[in-house]
Structures are given as structure tokens and as C-alpha cells.
Amino acid sequence: MSSSPSTDESGALLGPADIRELAAALGVRPTKQRGQNFVIDANTVRRIVRTAEVRPDDVVVEVGPGLGSLTLALLEAADRVTAVEIDDVLAAALPSTIAARLPGRADRFALVHSDAMRVTELPGPPPTALVANLPYNVAVPVLLHMLERFPSIERTLVMVQAEVADRLAAPPGSKVYGVPSVKAAWYADVKRAGAIGRNVFWPAPNVDSGLVSLVRRAEPIATTATREEVFAVVDAAFAQRRKTLRAALAGWAGSAAAAEAALVAAGISPQARGESLTVDEFVAIAEHKAG
């Protein structure tokens, strides 16, 4: 679709001129509403694929492929790639971009034109990895939804706003430890995997970005409580994070006394606060809810 020179030796990846030419041809302007910032640097997408440790047998799902910068790099490295795109214009254009730049891999690519939050199944074999430059405004809900819906995803690498990356990877006791940290830890071992500057995007965002690696737990947390029950405790604990758990969980438990009973039974001080608890401690509280 583009004859401009790319910054990529193989010629398949998109460079800044390619991105702008594609966008102009499609009449696309990245929108704030959808949190769109397109990666225009081939070295950055290569680095993301490398950091994600994408293997030749991987089935990768990508959310928010945009014009296809990362998609092309993933297709070069993985067995197959399924991209989930909500934008009508971008979704319509992506298959022809793939066909033009990586014709030999086009049959390894599938497009799902949908809101990622509504995706409940994907075509082809189950995905083994999730690699994405997630739209800033929906990064956490999309990440948690994909991890819940697709248990076959073993490894995840997402690029998100630096502040969100810090929150996702925060340990208990950290100032930014909160709901995203605990819910991500329910599924996976989470860590920061690098920083990304602003100048590799178009348009350049006014915040830095970070990479977050999530490696799914080999065994789910063993518990008699459901995920929904555990997450209800997490939500309640952080809804009033300055309060002690005895007070913060009163609504969840039915009363402050019932909250205290659940906490004591779980071996946790009623005077503790949510930010000091591990995911396993939240699980213990959920298991000891009366009634």
C-alpha cells in the first residue's frame, strides 16, 4: 500500500513516512477518544517482540493494532497473529497492509473487528501470547478481560502509560499498589519490562510509556472462593483506601463486626489497610466471609 522507504532492513515494517502516508490515504487522524498513538519506529516494535519473547510456535493476539506497525513485527516472529481492532477504517485497511508488506505471511493473520471488551472467542488455535500497545484509556480493563477470557494466554507484554505500568507491577505496600496490581497478580507474575519514550509515537503523547510483562501462574490460586468473590473484596478494600479494612469492608461483609470476624478468621489485622495485603490475603478474606 506504500512505496516509501522503511527504516526496516527487511522492508516489511512501517517507518514514520509509511505511517503518515497510510494515515493520509485512509483519512485517519489518531483520536484521543480511543487513546490512539501509533508507533512509528521499527526498532521499538522489534524491541517489543524481543522483550515479549515471541516464539515461532506462538499464536499471538494483539489488541488495537492501528495501522499495523507491531502486527507486522509479530507476524515475522510468531506462527500466527490475530488482531482485535474496534476502528472501522483501521480494521478495513489492515488486511491489505499485511498482504502488501508480508504477502508470504498473510494467511497467518486474522482480524477481529470488535471492541476487545466484548470479545469472547477468537478464530483459529487458542492464543498463547498477548502482545499489544494498549489504548491508554482502557488498558487495565482490556488486559484483565483478555486474561480472564483466554486462559491459554501464557505470556503477555503490553505497552501502557508509565503510571499504569507502575500500578500494574506495584508490590504490596507501595504507594501506587491498588486494584489493578492485585487483579493482575491474581492471574500472573507481573513486572516492569522497560520504558518507552514519547518520540516513537505519532502523535507524541504527553506522558511516557512503559512495558509490563505478565507470566501466567502455572497453577491458578487454590481457593474455595470464586474470582468474582475475591475481586469484590479487592474493590471494597481500595474504594476507601485510607480506612482500616474493618471499616472499608463493612459494606462488603454486611457490618463492621462481620468484616472484623472475616479478617480475624483469615489471620489479618482488622486495623490493616488494603495496600498492605497480598493477593493471597485477599483470597483468604473472601473465603472467610460469613454466610
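**Salt bridges and sheet: a briefing**

Glu 148 and Arg 227 join their side chains in a salt bridge, at 3.3 Å from N to O. Glu 148 belongs to helix 5 and Arg 227 to helix 8 (residues 227-239), so the pair ties together parts 79 residues apart in sequence. The model is predicted. The whole structure holds 14 salt bridges.

**Salt bridges**

- Glu 148 is partly exposed, at 34% relative accessible area.
- Arg 55 pairs with Glu 154, with the closest N and O atoms 3.8 Å apart.
- Arg 55 sits in the loop between helix 2 and strand 2 (59-63), and Glu 154 in the loop between helix 5 (139-149) and strand 6, so this pair ties together parts 99 residues apart in sequence.
- Arg 55 is partly exposed at 38%, and Glu 154 is partly exposed at 40%.
- A network of salt bridges links Arg 55, Asp 57 and Glu 154.
- Asp 208 and Arg 198 meet in a salt bridge of 2.9 Å, N to O.
- Asp 208 lies in the loop between strand 8 (201-202) and strand 9, and Arg 198 in the loop between strand 7 and strand 8.

- Seven strands form an open sheet in the order 4-3-2-5-6-9-7, with mixed pairing.
- Strand 4 (109-113) and strand 7 (188-196) are the edges; each has a single partner strand, so one side of each lacks a neighbour in the sheet.
- The twist averages 20° from one strand to the next.
- Strand 3 (residues 80-85) runs parallel to strand 4, joined by five bridges.
- Val 84 stands opposite Val 112 in strand 4.

**Helix packing**

- Helix 2 (residues 42-51) packs on the sheet, and its direction makes about 160° with that of strand 7.
- Helix 4 (residues 88-101) lies across strand 3 and strand 4, at about 170° to strand 4.

Terms used:
Residues are numbered from 1 along each chain as its sequence is written. This is a predicted model: local features need pLDDT of at least 70, side-chain atom pairs count only at pLDDT 80 or more; totals for chains, interfaces and linings use all residues. Side-chain values use heavy atoms; hydrogens and water are left out. Two strands pair if DSSP finds at least two bridges between them. Helices (H or I, at least four residues) and strands (E, at least two) are DSSP runs, numbered from the N terminus. Axes are lines fitted to C-alpha atoms, for helices over the stretch in contact, and angles run from 0 to 180 degrees between N-to-C directions. Contact means heavy atoms within 4.5 Å. A salt bridge is a side-chain nitrogen of Lys or Arg within 4 Å of a carboxyl oxygen of Asp or Glu. Buried means under 20% relative accessible area, exposed over 50%, partly exposed in between (1.4 Å probe, protein chains only).
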